[in-house]
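Student: Could you walk me through this model, one question at a time?

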Amino acid sequence: MHPCYVGAFADRSEPERIVIDGGYASREHTLRSWNSVGVRARVGAWHLPLADLLNAVAAAGLVVTRVVESGSGPVPDVLALEATKPH
């Protein structure tokens, strides 16, 4: 999932315009979800802002070698990254 555009903090009711609220900065487990029947609403999820995610990769001693964003609409809903451990 893309940490910037997917989560309870992201109003995705208009696919071409995602509205992000203050919950983006939250770093806690939550049952809050944009979909009342989804997995997040039933078991919850942890959210990390993008900076926290990338800093965790760096703190693990890894180097980001590739980043890809994708999705079915104009705003990405998937973020993938490749990281390697330097020799």
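This is a predicted model: local features need pLDDT of at least 70, side-chain atom pairs count only at pLDDT 80 or more; totals for chains, interfaces and linings use all residues.

Student: Is I18 buried or exposed?

Tutor: I18 sits in strand β2, residues 17–20; helices (H or I, at least four residues) and strands (E, at least two) are DSSP runs numbered from the N terminus. Its relative accessible area is 17%, so I18 is buried.

Student: Which residues does I18 contact, leaving aside neighbours within four places in sequence?

Tutor: Contact here means heavy atoms within 4.5 Å. With those sequence neighbours set aside, the list for I18 is Y5, A10, D11, R12 and V75.

Student: Which backbone oxygen does the side chain of H47 reach?

Tutor: H47 lies in the loop between β4 (45–46) and α2 (50–59), and at 11% relative accessibility it counts as buried. Beyond residues up to four places away in sequence, H47 touches P3, F9, G23, Y24, S26, R27 and E28. At 2.8 Å, its side chain reaches the backbone oxygen of Y24.

Student: How are the rings of F9 and Y24 arranged?

Tutor: Rings of Phe, Tyr and Trp (its six-membered ring) pair if their centres lie within 6.5 Å; planes under 30 degrees apart count as stacked, over 60 as edge-to-face and the rest as tilted. That rule gives a count of one aromatic pair. The centres of the F9 and Y24 rings are 5.4 Å apart and the planes stand at 80°, so the pair is edge-to-face.

Student: How many residues apart are F9 and Y24?

Tutor: F9 belongs to the segment before β1 (10–14), and Y24 to the loop between β2 and β3 (29–30). F9 is buried at 6% relative accessible area, while Y24 is partly exposed at 21%. The pair links distant parts of the chain, and the separation is 15 residues.

Conventions. Residues are numbered from 1 along each chain as its sequence is written. Side-chain values use heavy atoms; hydrogens and water are left out. Buried means under 20% relative accessible area, exposed over 50%, partly exposed in between (1.4 Å probe, protein chains only). A polar contact is a pair of N or O atoms within 3.5 Å; within protein, one must be able to donate a hydrogen and the other to accept it, and residues adjacent in sequence count only if both atoms are side-chain atoms.
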